[in-house]
Amino acid sequence: MDHVETVRLHPPDPAQLIAWLERFNAAANWLSGVAFRERLWHWLPLQRRAYREVRERFQIPAAATVVVIRKVAYAYRNKQRRQHQATFRRRGAIPIYKHRYKRDGTVSMYGFRIPFTARPQAWLSSRHQAVLCYRRGKFILHQVVEVDVPPPAPVQDYLGCDLGTVNLLTDSEAEAYSGQAVEEKRRIYVHRRARLQKRGTRAARRKLRQISGRQGRYQRDVNHRIAKRVVAKAQRLCCGIALEDLRGIRDRIKARRRQRARLHNWAFGQLRQFIVYKAAKAGIPVVFVDPANTSRTCPVCGHVDKRNRRSQAAFSCRRCGHEEPADVIAARNVRAWARGDAPMVASARAATSPHPTSRG
Ligand SMILES: [Zn+2]
């Protein structure tokens, strides 16, 4: 399966690489204008029309010119995207092909030879494309590599997970994974965004983009850490991982309504993706259970009642009086159902491996 390795670049002359990045994006912006005005959506006509001009105007090598053309064509890949002229950030990320990681610790790309560092276990191969990013004074290459994954080990038990009822994640052992700190940070962001939106100036709009980028990166980082902890715990306990299947057909509307009440929707999609992905890499099976009634069934006596759920956070059984936090109840039910006490929806073995760089 695919895995993304982070490679830090240490260019001896960063200004030179920055200038190059800017030239690349300037070329893409110029070409985007040509493509839009002349309605050349595919790379081949675009290449015929502008290859020479791009090279001459922006002084970029042949290999990079081809990448600029592909990048622009990709930005106009469907009808919807052809409504407006595509623009690229001045120092936006660019794809890298035909690069080579050398034994002497340098990477060669587009005529540059740049020292790099990666984590010690990193297995680097330039068979697939990489993406060059420049952010806060650092150059990073995101390199896609293929890794062998062990077949999922047979398991008897599962770690049930509930996402986002009160905490970001609660497992069936009643362990909660950060909720409050993240929620506070989110509120601060929401507040600041609202203020900037009201102002509506150009500078405010730019700041707004910055903030949403920062928030996304923060959320992503939190999700990575939680997924890592959950997978490590399942590994330690020699069990699989059970999640609610929110794409389930049977209770889709109810599940969605429940989702809506949660902290922040897309973030949970991403967290689920990260868990599935990291589990697959570790050879830990993931199963999805039907989400119906996970939050209203008593794990002690089995009584199902909407009123068992006293509030968003509290569960109290109407029949036997059992009380526990609602998220722990949900996680326990997810585990019980994965063990076979209720029909399962699907196995994760067929699930696609989500790309960790894609924003879910
Ligand atoms: Zn009960």
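Predicted model: local features only at pLDDT ≥ 70, side-chain atom pairs only at ≥ 80, totals over all residues.

Biologist: What makes C298, C301, C317 and C320 the protein donors of the zinc ion?

Modeller: Their SG atoms lie 2.3 Å from the zinc ion, and the cut-off for a donor is within 2.8 Å of the metal. So the four cysteines count as donors. Along the sequence their spacing reads C-x2-C-x15-C-x2-C.

Biologist: And why is the arrangement around the zinc ion called tetrahedral?

Modeller: The four donor atoms subtend angles of 104 to 113°. The label needs all angles between 85 and 135 degrees, so tetrahedral it is. For reference, the ideal angle for four tetrahedral donors is 109.5 degrees.

Biologist: Which parts does the pair C298 and C317 tie together?

Modeller: C298 sits in the loop between β12 (286-289) and β13 (314-316), while C317 sits in the loop between β13 and β14 (323-325), so the pair links parts that are 19 residues apart in sequence. Both C298 and C317 are buried, that is, under 20% relative accessible area.

Biologist: On to the strands. How do you know that β1 and β7 pair?

Modeller: Two strands pair if there are at least two bridges between them. Strand β1 (residues 2-9) and strand β7 (residues 138-146) have eight, running antiparallel, so they qualify.

Biologist: What about β6 and β7?

Modeller: Strand β6 (residues 130-135) pairs with β7 over six bridges, also in the antiparallel sense. C133 has I140 in β7 as its bridge partner. The two strands form a hairpin with two residues between them, and R136 in the turn has a positive phi of about 45°.

Terms used:
Residues numbered from 1 in each chain as written. Heavy atoms only, no water. Donors = N, O, S within 2.8 Å, 3.2 Å for Na, K, Ca; no water. Tetrahedral: all angles 85-135°; square planar, octahedral: opposite > 155°, others 65-115°. Helix = DSSP H or I, 4+ residues; strand = E, 2+ residues; numbered from the N terminus. Buried < 20%, exposed > 50% of the residue type's maximum accessible area, 1.4 Å probe, protein only.
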